[in-house]
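Please open the model in a viewer and keep a selection tool at hand.

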Amino acid sequence: MKSGDDSFSNRWGFILASIGSAVGMGNLWRFPVLVSTWGGMTFLIPYLLFVALIGSTGIIEEIALGRSTKSGPIGAFGAAARYAGKSEKAGRRIGLIPVAGSLAMAIGYTCIVGWIFKYVFLSISGRLYSLGHDTDRISSLFSATASMFGNNLWISVALLVTFLIMGFGIARGIEKSNRFMMPVLFAILIALAVYIAFQPGAAGGYRYIFTINPTGLLNPKLWIYAFGQAFFSLSVAGSGTVIYGSYLPENEDIPFSAKNVALFDTAAALLAAFVIIPSMATAGARPDSGGPGLMFIYLADVMNRMPGGRVFEIIFYICVLFAGLSSLINLYEVSVATLQQQFHMGRVSSVCMIGAAGFAVSLLIQGIVSRWMDVVSIYICPLGALLAGIMFFWGFGRDRALPAVNRGASRPKGNRWYQLGRYVYCGAAVVALIAGALLGGIG
């Protein structure tokens, strides 16, 4: 098996990097909020169904698209267009859409990871804990952090750490960092879940999580929100997963890898729900208080009131930092790999160029990062995923798609899987794009 800076050294290196790409802020604060807002198990039922659909089709398709073409979205889309008898040049141009979407998402995500770096420092220094139960002061601290030009230092730190890791390449940088970060992330989440389980009042949070409202299951918006969260959480957008797939050796089992990515991503989300919702229940906080405020304001307030809260804060924000960094690395890797593959630039020079662009723009959008992320998630990312699905299931055709998936697979996929991806998955991606536009963002 090939090893080096331009490929993963083994199967689990790839799987851990892909898990790192998928596990992020969506798992650690948006998922618990949606679980609580839509009635616990009432939300989990449709969510898990959509995870099964996307995990068994979309993740497999994007990995296979990248591996079979040994390219990111631009080269892969160009090849798919050529296979379909269309203009390769047009296909390559279409491939710019998911690349641009990934870079735009990465720039917005940089601001959020900068917030996390600051809160790790605040928790370690004890400043956050010293604010006690003063919600107004906690809120003011976050407002200052998230304001225009309010977090320049920590954004710089976030980018420096991210691109130092990426500069070492695939096996030495991205793979090794995720080999450390992902196991630690899960260990921390499990430890926090055990800790909160023994806190007074936590049982109310668990009861809420396991609540089923049969009437709520009839609400179409519930299913749309569940689908959007599954789509966003699994990091299927026609970009990062395609890039990581291009680094995967031919003998690796794509369906096996995709199954594990979906499994561990969902496990991280569920663990986060079992940490955050019961912890809020211990203090009587509203479980449906969502967005960044849940993690940086409301949850900080809850932890400040808990015995051992300072230690809890330090561990929790380090956990979130690992998740944020792993996702940020994947998002930027799309643009870095594009420069390498399309313009034959060296890795270090590509990292420096994308890093400079990310630094300049992220500093300028700090005050509008929420709106920035809404635009990207509503329009560009679902469109990228849809285009990747069309290129693979329709451009490749069955005679190319199935061999691309089945090389190295212990349980090869057949025509039934191909039809599921061609019609159900691609149709679901269309629904996600339309629903996102109509509802103001569901991912």
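A salt bridge is a side-chain nitrogen of Lys or Arg within 4 Å of a carboxyl oxygen of Asp or Glu. The model on display is predicted.

Select arginine 347 and glutamate 333. These two side chains form a salt bridge, and their closest N and O atoms are 2.6 Å apart. Are arginine 347 and glutamate 333 buried or exposed? Both residues are buried. In total, the structure contains 4 salt bridges.

**Second stop: a network of salt bridges**

Next, select Lys70, Glu250 and Arg407, which are linked in a network of salt bridges. Side chains of opposite charge can pair when their charged atoms come close. Begin with glutamate 250 and lysine 70, whose closest N and O atoms are 3.6 Å apart in their salt bridge. This pair links distant parts of the chain, 180 residues apart: glutamate 250 is in the loop between helix H14 (240–246) and H15, while lysine 70 is in the loop between helix H4 (58–69) and helix H5 (73–83).

Then turn to arginine 407, which forms a salt bridge with glutamate 250 at 2.8 Å between the closest N and O atoms. Here, too, distant parts of the chain are linked: arginine 407 occupies the loop between helix H20 (398–406) and helix H21 (415–439), and glutamate 250 the loop between H14 and H15, 157 residues apart.

How accessible are the members of this network? Glutamate 250 has a relative accessible area of 34%, so it counts as partly exposed. Arginine 407 is partly exposed because its relative accessible area is 34%. Lysine 70, at 41%, is therefore also partly exposed.

Remain on lysine 70 and inspect its backbone. Lysine 70 is not a glycine, yet it has a positive phi of about 50°. Now select serine 235, in the loop between helix H13 (220–233) and H14. Serine 235 is likewise not a glycine, and its phi is positive at about 60°. With a relative accessible area of 17%, serine 235 is buried.

A search of the whole structure finds 25 aromatic pairs. Select tyrosine 206 and phenylalanine 274 as one of them: the pair is tilted, with 5.9 Å from centre to centre and 35° between the planes. Tyrosine 206 lies in helix H12 (residues 202–209) and phenylalanine 274 in helix H15 (residues 254–281), so the pair links distant parts of the chain, 68 residues apart. Phenylalanine 274 is partly exposed, with a relative accessible area of 24%.

Move on to phenylalanine 296 and tyrosine 317, which form a stacked pair with 6.3 Å centre to centre and 15° between the planes. Phenylalanine 296 is in helix H16 (residues 292–304) and tyrosine 317 in helix H17 (residues 309–343), so the pair ties together parts that are 21 residues apart in sequence. Phenylalanine 296 and tyrosine 317 are both buried.

Select Tyr83, Phe392, Phe393, Phe396, Trp417, Tyr418 and Tyr425, which form one aromatic cluster. Which charged end sits over the ring of tyrosine 83? It is that of arginine 400, 4.1 Å from the ring centre. For another example, select arginine 422, which lies over the face of tryptophan 394 at 3.5 Å from the ring centre.

Display the helices and select H12 and H15. Their axes are 7 Å apart, and the two pack at an angle of about 125°. That angle makes H12 oblique to H15. The crossing of these two helices, H12 and H15, is right-handed.

Finally, select helix H7 (residues 96–125) together with H18. The axes of H7 and H18 come within 9 Å and cross at roughly 60°. H7 and H18 are therefore oblique to each other, and their crossing is right-handed.

Methods: Residues are numbered from 1 along each chain as its sequence is written. This is a predicted model: local features need pLDDT of at least 70, side-chain atom pairs count only at pLDDT 80 or more; totals for chains, interfaces and linings use all residues. Side-chain values use heavy atoms; hydrogens and water are left out. Rings of Phe, Tyr and Trp (its six-membered ring) pair if their centres lie within 6.5 Å; planes under 30 degrees apart count as stacked, over 60 as edge-to-face and the rest as tilted. Helices (H or I, at least four residues) and strands (E, at least two) are DSSP runs, numbered from the N terminus. Buried means under 20% relative accessible area, exposed over 50%, partly exposed in between (1.4 Å probe, protein chains only). A charge sits over a ring if NZ of Lys or CZ of Arg is within 6 Å of the ring centre and within 35 degrees of the ring normal. Axes are lines fitted to C-alpha atoms, for helices over the stretch in contact, and angles run from 0 to 180 degrees between N-to-C directions. Angles under 35 degrees count as roughly parallel, over 145 as roughly antiparallel, 65 to 115 as roughly perpendicular and the rest as oblique. A crossing is left-handed if the near helix is turned anticlockwise from the far one by less than a right angle, and right-handed if clockwise.
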